Amino acid sequence: MIILVSACLLGDKVRYDGTDKQNDFVVSLKENHTLIPVCPENLGGLKSPRLPSEIVNDKVLRKDGLDLSDNFISGAMKAYEIADKSKIDFAVLKSKSPSCGYQEIYDGSFSGKLKDGNGIFTEILLKNNIRVFTENDIDEINEIE
Ligand code: SF4
């Protein structure tokens with residue numbers, strides 16, 4: 001299968017703090033599948049390291065209040081183009097992120113609290129009927145394999 005994956009889960013140091021979130025299960029998917037890594041924030045022109053951002057109402061704000069919505073949206077659109085061209089079967093995205101989060105994301109208070117919702121990129125995938133999982137959905141992903 002062809003699986004779109006958040007690049008940070010494969011070890012790319014693209015997170016806001018300059019680190020990765022390499023995940024052994026996600027890396028192991030390479031053995032039997034073609035993985036397409038993307039980082040929507042990187043594609044939107046955001047470099048690492050940088051201050052964290054969260055979704056606040058309908059905008060994506062950096063912790064110092066700067067509105068980065070345009071970067072997040074343009075990056076998500078570019079990442080979706082890659083997903084579309086690659087004819088992916090499904091996506092495995094990093095949980096809780098304002099771009100890649102699925103079903104729960106940070107709540108906009110920059111305090112580590114979560115709320116129900118999807119990241120900007122995840123929302124575009126779901127609207128285009130692409131199935132999304134997080135790195136924690138090991139059982140569900142194994143059922144598809
Ligand atoms: Fe990882 Fe997605 Fe954040 Fe990029 S935008 S660092 S791929 S969670």
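This is a predicted model: local features need pLDDT of at least 70, side-chain atom pairs count only at pLDDT 80 or more; totals for chains, interfaces and linings use all residues.
Two strands are taken to pair if DSSP finds at least two bridges between them, and helices (H or I, at least four residues) and strands (E, at least two) are themselves DSSP runs, numbered from the N terminus. With that in hand, let me begin with the strands β3, residues 53-56, and β4, residues 59-62, which pair in the antiparallel sense over 4 bridges.

Residues are numbered from 1 along each chain as its sequence is written, and side-chain values use heavy atoms, with hydrogens and water left out.

Returning to the hairpin, Ser-53 has Arg-62 in β4 as its bridge partner, and of the 2 residues between the strands, Asn-57 takes a positive phi near 55°.

Now to strand β1, residues 2-6, where 4 of the 5 residues are buried, buried meaning under 20% relative accessible area, exposed over 50%, and partly exposed in between, with a 1.4 Å probe and protein chains only. β1 pairs in the parallel sense with β2, residues 34-38, over 5 bridges, and 3 bridges join β1 to β5, again running parallel.

In the loop between β1 and α1 (24-28) lies Leu-9, which counts as buried because its relative accessibility is 1%. Leu-9 and Lys-21 are 12 residues apart in sequence, yet their C-alpha atoms are 4.9 Å apart in space.

What does a search of the whole structure find by way of aromatic pairs? It finds 1, where rings of Phe, Tyr and Trp (its six-membered ring) pair if their centres lie within 6.5 Å, and planes under 30 degrees apart count as stacked, over 60 as edge-to-face and the rest as tilted. The rings of Phe-90 and Phe-133 have centres 5.5 Å apart and planes at 85°, so this pair is edge-to-face. Because Phe-90 belongs to β5 (residues 90-93) and Phe-133 to β8 (residues 132-134), the pair ties together parts that are 43 residues apart in sequence. Both Phe-90 and Phe-133 are buried.

Gln-103, in the loop between β5 and β6 (104-106), has a positive phi of about 75° although it is not a glycine, and with a relative accessible area of 51% it is exposed. Phe-110, in the loop between β6 and β7 (114-116), likewise is not a glycine but has a positive phi of about 55°; at 23% relative accessibility, Phe-110 counts as partly exposed.

Finally, the ligand. It is surrounded by 13 residues, of which the closest are Cys-8, Cys-39, Glu-41, Lys-94 and Cys-100, a residue being near a molecule if one of its heavy atoms lies within 4 Å of it. By class, this shell has 7 nonpolar, 3 polar and 3 charged residues, where Ala, Val, Leu, Ile, Met, Phe, Trp, Tyr, Cys and Pro count as nonpolar, Asp, Glu, Lys and Arg as charged, and the others, Gly among them, as polar.
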